[in-house]
Amino acid sequence: MLNKKCQKDFKIIDLKNLEVWQIGMKIVHECYSLTKKFPKNETFALSDQLQRASTSICLNIAEGSGQPTTKGFVVYIQRAKSSTLECVACIKIAVQENFIKDDETKILLPLFQEVYFKLIALNKSIK
């Protein structure tokens with residue numbers, strides 16, 4: 001149980017209202033679905049990396065929203081952008097190595113682009 005001072009200072013941002021968060025959650029779902037198609041020997045390699053990078057987008061948005069300063073939040077937005085680019089690289093490698101077909105990325109690649117540019121917009125809006 002939080003004491004009264006902590007309760008007053010503790011705020012919860014309703015992440016589900018952030019569009020960038022919603023897109024991030026779609027990305028996580030799509031990445032987890034896609035990695036099920038990867039070869040079993042990739043379970044702890046590229047598959048795991050893509051799953052971790054996709055969840056990192058949402059986790060950094062969540063963690064950043066709890067920072068006491070705008071400057072702190074911006075650091076986490078940058079990390080979320082970097083995780084987005086990491087996901088794109090993982091997908092490109094998966095296609096190159098024939099773990100998935102190029103047409104299986106049609107949902108994800110536009111989501112990556114959308115979340116990336118929305119993270120840029122969020123960054124600009126809070127500065």
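Phe-117 is partly exposed, with a relative accessible area of 49%; buried means under 20% relative accessible area, exposed over 50%, and partly exposed in between, with a 1.4 Å probe and protein chains only. The model is predicted, so local features need pLDDT of at least 70 and side-chain atom pairs count only at pLDDT 80 or more, while totals for chains, interfaces and linings use all residues. Residues are numbered from 1 along each chain as its sequence is written, and side-chain values use heavy atoms, with hydrogens and water left out.

**Aromatic pairs**

A search of the whole structure finds two aromatic pairs. A pair of aromatic rings is described by the distance of the centres and the angle of the planes. Rings of Phe, Tyr and Trp (its six-membered ring) pair if their centres lie within 6.5 Å; planes under 30 degrees apart count as stacked, over 60 as edge-to-face and the rest as tilted.

| Pair | Centre to centre | Angle between planes | Class |
|---|---|---|---|
| Phe-38 and Phe-99 | 5.7 Å | 45° | tilted |
| Tyr-116 and Phe-117 | 5.6 Å | 90° | edge-to-face |

Phe-38 lies in the loop between α2 and α3 and Phe-99 in the loop between α4 and α5, so the pair ties together parts that are 61 residues apart in sequence. The helices named here (H or I, at least four residues) are DSSP runs, numbered from the N terminus. Phe-38 is buried, with a relative accessible area of 5%, and Phe-99 is also buried, at 19%. In the other pair, Tyr-116 is partly exposed, with a relative accessible area of 21%.

A ring also takes part in a contact with a charge. The charged end of Arg-79 sits over the ring of Tyr-76, 4.7 Å from its centre; the criterion is that NZ of Lys or CZ of Arg is within 6 Å of the ring centre and within 35 degrees of the ring normal.

**Nonpolar core**

The largest nonpolar core has 30 residues, and those with the most contacts inside it are Ile-27, Phe-38 and Ile-61. Such a core is a set of buried Ala, Val, Leu, Ile, Met, Phe, Trp, Tyr and Cys residues joined through side-chain atoms within 4.5 Å. Two or more residues of this core come from each of α2 (19-35), α3 (46-65), α4 (70-96) and α5. Not counting residues up to four places away in sequence, Phe-38 touches Leu-46, Ser-47, Leu-50, Ala-94, Phe-99 and Ile-100, where contact means heavy atoms within 4.5 Å.

**Helix α5**

At 1.5 Å a residue, the 19 residues of α5 should span 27 Å, and the end C-alpha atoms of α5 are 27 Å apart, which agrees. The expected span of a helix is 1.5 Å times one less than its number of residues. The buried residues in α5 are Leu-108, Leu-111, Phe-112, Val-115, Leu-119, Leu-122 and Asn-123. Seen down the axis of α5, these buried residues fall within an arc of 110°, so they line one face of the helix; the arc is that of the directions from the helix axis to the C-beta atoms. The buried residues pack against α2, α3 and α4. Gln-113, Lys-124 and Ser-125 are exposed on the other side of α5.

Asn-123 belongs to α5, which covers residues 108-126. This asparagine, Asn-123, has a relative accessible area of 9% and is buried. Leaving aside neighbours within four places in sequence, Asn-123 is in contact with Val-74, Ile-77 and Gln-78.

α4 has 27 residues and reaches 39 Å from its first C-alpha to its last, close to the 39 Å expected at 1.5 Å a residue. Ser-83 is found in α4 and is buried, with a relative accessible area of 6%. With residues up to four places away in sequence not counted, Ser-83 touches Ala-53, Ser-56, Ile-57 and Asn-60.

Although Asn-98 is not a glycine, it has a positive phi of about 60°. Asn-98 is exposed, with a relative accessible area of 66%.

**Asp-48 in helix α3**

Asp-48 lies in helix α3 and counts as partly exposed at 24% relative accessibility. Leaving aside neighbours within four places in sequence, Asp-48 is in contact with Glu-42 and Thr-43. The C-alpha atoms of Asp-48 and Thr-35, which are 13 residues apart along the chain, are separated by 8.2 Å.
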